[in-house]
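Hi,

Here is the structure I said I'd pass on.

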Amino acid sequence: MTSIISRLKRGLIISILLGFTNAAFAAAMDMREGVTDMSRRILQLHHLSLIICVIMGVLVFGAMFYSIFAHRRSRHPKPADFHESLLVEIIWTAVPVVILIGLAIPATITLREIEDNSNADITVLITGSQWKWHYQYLEADFGYYSNLATPEEQINNFETKGRNYLLEVDNALVLPTNLKVRFLTTSDDVIHSWWVPDFAVKQDAIPGFINEAWTRIDVPGIYRGQCAELCGKDHAYMPIEVEVQSEEDFAQWIQDQLLAIELASGQAVADRARTWTMAELTEIGQEVFVDHCATCHESDGSGQGSTYPALAGGEIPNGPLQAHIERVMNGSVDTEMQSWAPQLSDLELASVITYERNAFGNNTGDIVQPITIYEAR
Amino acid sequence: MSVTADHVIPNRSPLVAFLSRWLLTTNHKEIGTLYLLLSFTLFFIAGAMAMVIRLELFQPGIQFADPLLYNQMVTMHGLIMVFGVVMPGFVGLANWLLPMMIGAPDMALPRLNNFSFWILPFAFTLLISSLFMDGGAPNFGWTFYAPLSTTYGPPSTDFFILGIHMMGISSVLGAINIIVTIFNLRVEGMTLMKMPLFVWTWLITAFLLVMVMPVLAGAVTMMLTDRHFGTSFFAASGGGDPTLFQHIFWFFGHPEVYILILPGFGIASQIIPTFARKKLFGYHSMVYATISIAVLSFMVWGHHMFATGMPLAGELFFMYMTMLIAIPTGVKVFNWVATMWRGSMTFETPMLFAIGFVILFTIGGFSGLMLALVPADFQYHDTFFVVAHFHYVLYPGAIFCIMAAVYYWLPKWTGNMYDERLGKIHFWTAIIAVNMTFFPMHFLGLAGMPRRIVDYSLQFADFNMLTSIGAGLLGLTQVLFLYIVVKAIRGGKKATSRVWEGAEGLEWTLPSPAPIHTFEVPPNFPIVEEEYKHE
Amino acid sequence: MSEKQRNQRKHVILLSSLAVGMLGFAFALVPLYAIFCEVTGINGKSYEGEVSEPAPNLQVSEREVTIQFLAQVGRGMPWEFRPMDSQLKVHLGEVNVTSYYARNHASQAVVGQAVPSVSPGYAASYLHKIECFCFTQQHLEAGEDQQMAVRFYIDEELPIEISTLTLSYALYKVPEVEVASLTLTDNQQ
């Protein structure tokens, strides 16, 4: 009798140690605590379910390992002949039900709060596109695009990768601490998903529909997330960066942005008042092209099959100017070509179209001035 | 097989004889072999695609596969593994074993059986050839959500749709055949509650197939009309809804993943009692648990959609139903352990794979339970945590069961024992490789790595490298498995009828190798009683 | 034919009918989904008749909610499209009017269709539109612009936990083929 118990103990101890090793290992890459009340509660729920699973695993696998050891033929030559027991079946059906109820209750309570989007202080409309995000502050009534800022050279292994490789953007979303922020998500092409693990907010961005989610952030700082729904070629390359500031700093930032927009529109007026040379336009145009167009059309304009047509010797860059302008500004219904009019300024559009018509061996000699673009809007 | 098969045209050249035999066969053993060969071939093809994926993910940055190719690899790997490896593998086992297990001479509809198989090589040639088409192969994930697959899918998407239709027809016809066979051709005296559990799980799986493959057919047809015939099922611009696609797809998709595992449950339920030398514990309970799993599988599809903006009531319903499925699944695991308990076990390769299956599948079940909890799912959804979960239930789940079945029944099929030492090496290397490949994925997901990405940020680098090394090792174990199987087919220690000391079932009353025609006269009742005592 | 063969044939027919029936079910899921959404009002679409007359005994309640207005333009759609009011504070039961501005920037006539979406989804069934440009396709000549009105009221029964709701219109280009027939399905309202 004692030898059975000591064997049982040994088997259990080994199983528990294995379990703990796994748990310790897991702590090295556990889900993060995050900076919202909700992210912390979700972490607790995660730990609760993990511990329950580990305990159940230790018990079941412990029993199995013990049996493998003690009931192998060399040790246990005569098999028992029991093969059913209603009582046992009832017990091991009922006990898991109780455990599950124990999990379902905290999950339900947390979920009800997550789905309560009422009484928000500010609302941000998030629009996913291939392959960037657009953020619009509804109360302040302005918005901007947020693109991946990691240089191509790092992706292609020509340069060492920076610390925030693939998690950095040109214009981060700026949010205040302590206020309840309501997110509205949508898309203008395929389904994307906006996810910031530190907030525990993940919401699909579905074309033609708006979804809502909310958060209330405790700690200022920079938080990073990624698109969480396969959305085509550059799904890995549309990160999310959120800069969280104190309420006062945030209010100031909003004012600064509104001022900057006024200044930029003043700049835009100046830009379209003058006539630009071919050299000036193609220089700016090349930068715009590398930042926005090369990912699909390739930096030498050679394209990628029929999905991303070649611009070198291509039909549209060498054809009627008006059609080229319309295609770049408004995109195309049937293909992945997006409308760039909302994202690029008059000067940027004029210069990139000029560049495309005079680079990669194209030689139309056409020049497009910003004023032309302005009038076409 | 030395006996002349039925469809060989006499007095023709050897080539014609060979082709006419294999193209025209209506014999369940030959068709079973064809399915298994197809499954094994596609296993290597889809496995090679996994190697491309893991090679690219070995380090951050783009090295071998640009995003366009990578997304095609991810998509095709999933499609071929699901539709070309696991499903045909289980169907091959069904074909070989079901008639023998129920004492029938063949399947109920032998010509339909041939047709069901031969659709598949054409379907997969179509699907795989899309890699070489303009625009490349499907690149939208094996779950092909709209509108990425409808408005933005490459031209090959239409061929993909046709391929899916062909596979669906093959599955439905095969499933009808299996149900009719089980209901009508059981030997006298074998009531439903006396059938081996492998027969039960296949009966239930076949009903699932008949019910949900047509739903998939509907979904891809709607995709086709959205793409080319002006409908707007899934496009908001025409009044449609992309989420509708997900509902229809997952209404098929969730029962589909149970289709991918239930026959495996049946296999484990045959193998463990044999090597424990003890009857399966709780036969009735196992049957009811399998039926409950199948019924519940129709009520949980929304758990794939928690992040789509589902209202609270929907989230709660699907959370509770999904948690419920853990109960009958747990019951099955407990019953297998109870079968082992106080048995008299030996650990030949089939038993090793069966035990490995029970342990590792259970780990996959645990991560599934965690995923069911909606608030936590918001952090797990579309990350590598999900990838870890389904690979645990599919690889150490379905694939281990198929391998266990091959080791277990290969002596019956070929008359030769496989090399036991090599089998054990295969098992232990696979255990190490499988865990090295898929366990770190849990951590990657928890750390925030999304799925289906060609490139990742630096904090994910170490575990990705570990995973890729494990995957390389896993790929090598397949080559070893191939070698073991080929070696056993060509020769080895001669197998007896019984093969395994503790084996019970009508197939073990037949000679090894089983003759091409068996049970043309039904076995008599005492033998049946002897093999299938469950009371 | 023996009894066994008769039985087999019966099973084959039953199972094939089951398969065909499930295929029909898949297609039936489309209207079923629409009905389910309409009855529960949960996917942000309101499914009302063309004209929703205010109930004769419509009471204006004390309770105020904020309604936000958003505009989205689909890809390839060369129109400028924006709400004239970004948000309004309204009383429940009160009839209000707002409008959207649209301008066709292309060099030829274009027809557009606006598709609404409401958040939270279940608020959609409480938002009654008496008059809305989303009920019909909008035709603009090259360079033409237009103000398009939405007259609406919010039902008093709006659940108490909703203090803000958002109405978004996504404007899509109607392919030339469809312009010919100006009839709409209920889904588009």
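Between them, chain B and chain A bury about 8300 Å², and 69% of that is on carbon and sulfur atoms. Keep in mind as you read that this is a predicted model. Chain B puts 99 residues into the contact and chain A puts in 97.

How many salt bridges are there between chain B and chain A? The count is one. Arg73(A) forms a salt bridge with Glu501(B), with the closest N and O atoms 2.8 Å apart. Polar contacts across the interface of chain B and chain A come to 28 residue pairs, both residues being at pLDDT 80 or more. On the side of chain B that touches chain A, the elements giving two or more residues include helix H3 (67-102), helix H7 (242-259) and helix H14 (420-447) of chain B. The largest share of that side, 16 residues, comes from H10(B).

Now for chain A and chain C. Here the contact takes 32 residues from chain A and 26 residues from chain C. The buried area is about 2100 Å², with carbon and sulfur atoms giving 47% of it. Three residues, Phe209(A), Ile210(A) and Asn330(A), supply 24% of the area that chain A buries against chain C, more than any other three residues. Salt bridges across the interface of chain A and chain C number zero, while the count of residue pairs in polar contact is seven (both at pLDDT 80 or more). Strand E1 (122-129), strand E5 (180-187), strand E8 (211-216) and helix H8 (321-330) of chain A are the elements that give two or more residues to the side touching chain C. E5(A) has the largest share of that side, at four residues.

Pro147(B) is in the loop between helix H4 (110-129) and helix H5 (157-184) of chain B, and it is buried, with a relative accessible area of 5%. Which residues is Pro147(B) in contact with, leaving aside its neighbours within four places in sequence? They are Asp189(A), Val190(A), Ile191(A) and Pro207(A) from chain A, plus Tyr152(B) and Pro242(B) from chain B. The other residue is Thr354(A), found in helix H9 (residues 346-358) of chain A. Thr354(A) is buried too, with a relative accessible area of 0%. Beyond its neighbours within four places in sequence, Thr354(A) is in contact with residues including Met278(A), Leu281(A) and Asp366(A).

Last, the rings. There are 77 aromatic pairs over all chains. In one of them, Phe353(B) and Tyr407(B), the ring centres are 5.6 Å apart and the planes are at 15°, so the pair is stacked. Phe353(B) is in helix H11 (residues 349-372) and Tyr407(B) in helix H13 (residues 384-414) of chain B, 54 residues apart, so to speak linking distant parts of the chain. Both Phe353(B) and Tyr407(B) are buried. Phe81(C) and Tyr100(C) are also stacked, because their ring centres are 5.2 Å apart and their planes are at 25°. Both of these residues, Phe81(C) and Tyr100(C), are buried.

Chain A also has charges over rings: the charged end of Lys202(A) sits over the ring of Trp195(A), 4.0 Å from its centre, and Lys161(A) lies over the face of Tyr165(A), 5.3 Å from the ring centre.

Cheers

Key: Residues are numbered from 1 along each chain as its sequence is written. Chains are lettered from A and ligands numbered from 1 in the order in which they are written. This is a predicted model: local features need pLDDT of at least 70, side-chain atom pairs count only at pLDDT 80 or more; totals for chains, interfaces and linings use all residues. Side-chain values use heavy atoms; hydrogens and water are left out. Rings of Phe, Tyr and Trp (its six-membered ring) pair if their centres lie within 6.5 Å; planes under 30 degrees apart count as stacked, over 60 as edge-to-face and the rest as tilted. Buried means under 20% relative accessible area, exposed over 50%, partly exposed in between (1.4 Å probe, protein chains only). A charge sits over a ring if NZ of Lys or CZ of Arg is within 6 Å of the ring centre and within 35 degrees of the ring normal. Contact means heavy atoms within 4.5 Å. Buried area is the accessible area (1.4 Å probe) that two parts lose on being put together, summed over both. A salt bridge is a side-chain nitrogen of Lys or Arg within 4 Å of a carboxyl oxygen of Asp or Glu. A polar contact is a pair of N or O atoms within 3.5 Å; within protein, one must be able to donate a hydrogen and the other to accept it, and residues adjacent in sequence count only if both atoms are side-chain atoms.
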